[in-house]
Amino acid sequence: MAGKSLPTYREIVHSTDPAIRRVHDLVRRTFHSNKLIGIHEWRDSLREQEAGLWTDIRWHLQIAEHLGRVVGVASGMYLGNINMGVVGYLAVSARARGLGVGSRLRARLRTSFHRDARKLVGKPLEAVIGEVRRDNPWLRALVRNDRVLALDFKYLQPKLRPGDKPVSLVLYYEGIARPLRRLASARIRTILYTTWRRIYRIARPLAHAEFRRMLKDLEGRAFIGEVPLGDLPLPARPSRS
Ligand SMILES: CC(C)(COP(=O)(O)OP(=O)(O)OC[C@H]1O[C@@H](n2cnc3c(N)ncnc32)[C@H](O)[C@@H]1OP(=O)(O)O)[C@@H](O)C(=O)NCCC(=O)NCCS
């Protein structure tokens, strides 16, 4: 990163914030099109929040800026019904990587989830969950933390638009109250259902073959443990995630 100054961090809370476009551009440059959500959906989420329509959910867009440029973003949603925060996008511009910006943004998002949990359900946050590609070295960086359990089942992100294919990813669970070595399948089923309904806004998850496929993979397994570490690819910087 040019210059000695450090990035500054803030949360975007207004749908009219002019930085939204630049943040979305960073996400578009970083992720494959099958993982992209339109900028209008971000603005709509902020508008819903501004209109006071949300009860037990909160959406967050944490950003890092440096010399007038957006150099990092962490988005995510707190879901009160399962008392968990879900990390959406985490991206740092190529020139600003390896300087702690990603970790700092993720930590800020987690702090927002803690605050939401206390305020909206009056309890300590249970967990932070997220989806990462199996071959993304960031997953290895995450699972080095004892609290992070990369769940060993076939997780599929739903298609974001007609014509896309569902994306095969790893779902991880970062236990906040206590680290877990395994998670009950019954709990995972409720996580899957609520994320499909409330994050991806899919009205009837069971009507989708890929959702049924995930439930099938959990069938007959009371608990799901960790993806074997040796099974994960070694760090090597990926191009597009
Ligand atoms: C993943 C990403 C956000 C990390 O941002 P960053 O600012 O470079 O990360 P940090 O500097 O905070 O590094 C945090 C830790 O992760 C490690 N790490 C960061 N990026 C890594 C990578 N691509 N591969 C392996 N390890 C990585 C760092 O070594 C560091 O470990 P340490 O705390 O033990 O030193 C950034 O590389 C990126 O935008 N990647 C493309 C998008 C992506 O994969 N997002 C995550 C999945 S949604």
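This briefing walks through the overall fold, the ligand shell and one glycine in a loop. The model is predicted, so to speak of local features a pLDDT of at least 70 is needed, side-chain atom pairs count only at pLDDT 80 or more, and totals for chains, interfaces and linings use all residues. Numbering starts from 1 along each chain as its sequence is written.

**Overall fold**
- The protein holds 6 helices and 10 strands; these are DSSP runs (helices H or I, at least four residues; strands E, at least two), numbered from the N terminus.
- Its C-alpha trace spans about 55 × 45 × 40 Å along the principal axes.
- Of the 241 residues, 32% are buried, meaning that 20 or more other C-beta atoms, placed from the backbone, lie within 10 Å of the residue's own.

**Ligand shell**
- Around the ligand sit 19 residues, each with its C-beta atom, placed from the backbone, within 6 Å of the molecule.
- R97, G102, S103, P137 and A141 are the closest of them.
- Two or more residues of the shell come from each of β4 (84-92), α3 (101-121) and α4 (137-143).
- By type, the shell has 10 nonpolar, 7 polar and 2 charged residues; Ala, Val, Leu, Ile, Met, Phe, Trp, Tyr, Cys and Pro count as nonpolar, Asp, Glu, Lys and Arg as charged, and the others, Gly among them, as polar.

**A look at G220**
- You will find G220 in the loop between α6 (209-218) and β10 (223-224).
- G220 counts as exposed because it has 7 C-beta neighbours inside 10 Å, the cut-off being 12 or fewer.
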